[in-house]
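Hi,

Here is the structure I said I would pass on. Have a look at it first, and my notes on what turned up follow below.

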Amino acid sequence: MGRSWRNFFRRSGQEPEKPGAATDQPENETEAAEEGAGPSVATTLETAPSPVAEDNGEVDIPESPVTDEDVPPAGAPATAEEVQAAADAATEQSAGWVRRLRQGLRRSRESFVGQLNAAMAEFKDAEDEEFWERVEEILITSDVGVQTTAKLVAELEQEALERNITSGKELRELMIQHATRMLDKPIEMDLSHKPTVVLMVGVNGTGKTTNIGKLVSFLPGKIMLAAGDTFRAAAIEQLQTWGERTGAKVIARERGADSASVAHEAVEEAKRDGADVLLIDTAGRLHTKVNLMAELDKVRRVIDRQLPGAPHEVLLTVDATTGQNGLRQAKLFQDVAGVTGIILTKLDGTAKGGIALAIASEVGVPIKMISVGEQIGDLHPFEAREFAEALFGDL
Ligand SMILES: Nc1nc2c(ncn2[C@@H]2O[C@H](COP(=O)(O)OP(=O)(O)O)[C@@H](O)[C@H]2O)c(=O)[nH]1
Ligand SMILES: [Mg+2]
C-alpha cells in the first residue's frame with residue numbers, strides 16, 4: 001500500500017493523538033482529491049529559463065534543519081472497527097492514487113516500457129553484453145541519465161549473474177527492486193515546530209504556487225500562506241485564489257514589494273495567529289546564480305532571525321518535463337538554497353519519468369512528493385516501490 005498523507009506528516013515532540021481525536025487531520029482527503037475539486041487557476045507563465053551555467057561567488061551552504069527521530073504518526077485508531085475503517089479508507093485512497101500515478105506516468109511508460117518489454121522478452125542470459133547495452137540505451141533515452149544508468153545496470157547485471165537469472169519476468173522484478181532501493185529515502189515532513197515554516201523554491205513555471213495550493217489541503221492544522229513571489233502580479237493573485245479555496249490566510253503585498261519583508265510579515269503574523277504551518281512562496285527568477293542566492297539567502301536570514309531554526313523545510317519544485325535540465329536545477333538549488341526536499345512535478349506531461357532515478361541517485365536530498373496533474377489529488381507523498389512499479393511494471 002502506498003504512503004498516505006497521514007503518515008507523511010510527523011509531529012515529533014507531540015503525544016500521539018487519541019483515537020478519533022485527529023480532527024485536524026485531512027480526513028476529507030479522498031473528497032478533496034475528487035476529480036473536479038481541483039483548480040484550474042489560469043496563470044501567465046514565463047517559460048522556465050535554462051539553469052545558469054556560470055558559477056561565480058561564494059556559496060554559503062545553509063545548515064539543514066534538525067529532525068527528530070521516529071515518532072509514531074498522530075491519530076492512529078485503536079478499536080478493531082476503527083482499524084478496519086482506516087485500513088479500508090487508506091486502501092481506497094491508495095488505489096485511487098495508484099491509478100492516477102500510472103495514468104500520470106503513461107507517457108513515460110509508453111515510450112520506454114514498450115522498448116524494455118521487447119528487450120526483456122528476448123532476455124535469456126545475463127552474460128549477453130548486447131542485452132545490457134540495449135537496456136542502457138533505453139534508460140538513457142528516458143532521462144535516467146548516463147551516470148545513474150551505468151550504476152543501475154551494473155548492479156542489475158551483477159545480481160542477475162550471481163543469481164543466474166534467465167527470465168525477463170524475474171529480471172523486471174529485479175529492476176523494480178534496484179530502482180526502489182535507489183529511490184527509497186526518508187521523506188517525512190516534521191511539523192513539530194509552531195509555526196513550522198516551509199519555503200517553496202524553484203524556477204518559474206515549475207509548479208511552486210499550484211503545489212503550495214494543493215499541499216494546503218493535506219496539511220493538518222491552521223495553515224498560512226505568504227505571497228513571496230512579488231515579481232509577478234499573477235503569482236500573488238494565484239496564491240490568494242488558493243487561500244479563498246482552502247480558507248488559509250494569505251499574507252500578500254503589492255507587486256514589486258521586497259519578498260524578504262513579505263516573509264518577515266508572514267512569520268510575525270503566523271506567530272501571532274498561532275498558525276501551525278506557514279508556506280512561503282518565492283520568485284524563481286534565475287537571472288544569475290549570485291542574485292538568486294542573494295535573494296533566497298536574504299529571505300532565509302530574515303526568517304531565521306525571527307524564528308531561530310526556520311525555515312524548517314525548503315521544498316524545491318522540479319519540472320520533470322525538463323529532464324536533465326531539471327537535474328541541474330536541483331543540484332544548483334541544493335547548493336544555494338539548502339533544499340531539504342524535492343517536489344517532482346508534471347510527471348504526467350512527459351516521457352522523462354526516469355529523471356526521478358537520476359535525481360534520487362545524484363542529488364543529496366530526497367524526492368518528497370510528486371505531482372502528476374493539476375488537480376489537488378494529483379500531489380502525493382513519494383513512495384519508492386510504488387513509483388518503481390508504476391514506471392517499470394509490466395501492467
Ligand atoms: N500537467 C501538470 N501541470 C502542472 C503540474 N504542477 C503544476 N502544473 C502547472 O504548471 C503551471 C505552472 O505552475 P505554477 O505553480 O504557477 O509555477 P511557479 O511559477 O513555480 O509558481 C500551472 O499551469 C500549473 O497548473 C503537474 O504536476 N502536472
Ligand atoms: Mg508561482
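Let me start with the ligand. A backbone N or O atom of Thr206 sits 3.3 Å from an oxygen atom of ligand 1. Keep in mind throughout that this is a predicted model, so every distance here is computed from predicted coordinates.

Lys208 has a polar backbone atom 2.8 Å from an oxygen atom of the ligand. With Glu374 it's the side chain: one of its polar atoms lies 2.5 Å from a ligand 1 oxygen. As for burial, ligand 1 taken alone exposes 590 Å², and the protein buries 90% of that.

Which residues come nearest to ligand 1? Out of the 19 around it, they are Gly205, Thr210, Asp348, Ser371 and Glu374. Sorted by class, the shell around the ligand has eleven polar, five charged and three nonpolar residues. Helix 7 (residues 208-218) gives the most to this shell, with four residues.

Helix 3 (residues 106-121) and helix 13 (residues 384-392) have axes that come within 8 Å and cross at roughly 70 degrees. Since angles of 65 to 115 degrees count as roughly perpendicular, helix 3 is roughly perpendicular to helix 13. On the helix 3 side, the contact is made by Ser108, Arg109, Phe112, Val113 and Leu116; helix 13 brings Glu389, Ala390, Leu391 and Phe392. By class, that contact has six nonpolar residues, two charged and one polar.

Last, some backbone geometry. Most peptide bonds are trans, and most residues other than glycine have a negative phi. Here are the exceptions I noted:

- Lys194 and Pro195 are joined by a cis peptide bond, with omega about -5 degrees. Pro195 is in the loop between strand 2 (189-190) and strand 3 (196-201).
- Ala310 and Pro311 are also joined by a cis peptide bond, with omega about 0 degrees. Pro311 belongs to the loop between helix 10 (289-306) and strand 7 (313-319).
- Asp143 has a positive phi, near 70 degrees, and is not a glycine. You'll find Asp143 in the loop between helix 4 (129-141) and helix 5 (146-162).

Cheers

Note on methods
Residues numbered from 1 in each chain as written. Chains lettered and ligands numbered in written order. Predicted model: local features only at pLDDT ≥ 70, side-chain atom pairs only at ≥ 80, totals over all residues. Heavy atoms only, no water. Axes fitted to C-alpha atoms, helices over the stretch in contact; angles between N-to-C directions. Helix = DSSP H or I, 4+ residues; strand = E, 2+ residues; numbered from the N terminus. Parallel < 35°, antiparallel > 145°, perpendicular 65-115°, else oblique. Contact = heavy atoms within 4.5 Å. Nonpolar A, V, L, I, M, F, W, Y, C, P; charged D, E, K, R; others polar. Near = heavy atom within 4 Å. Polar contact = N/O pair within 3.5 Å; in protein donor to acceptor, adjacent residues only side chain to side chain. Areas by Shrake-Rupley, 256 points an atom, 1.4 Å probe, with all protein chains shown as cover.
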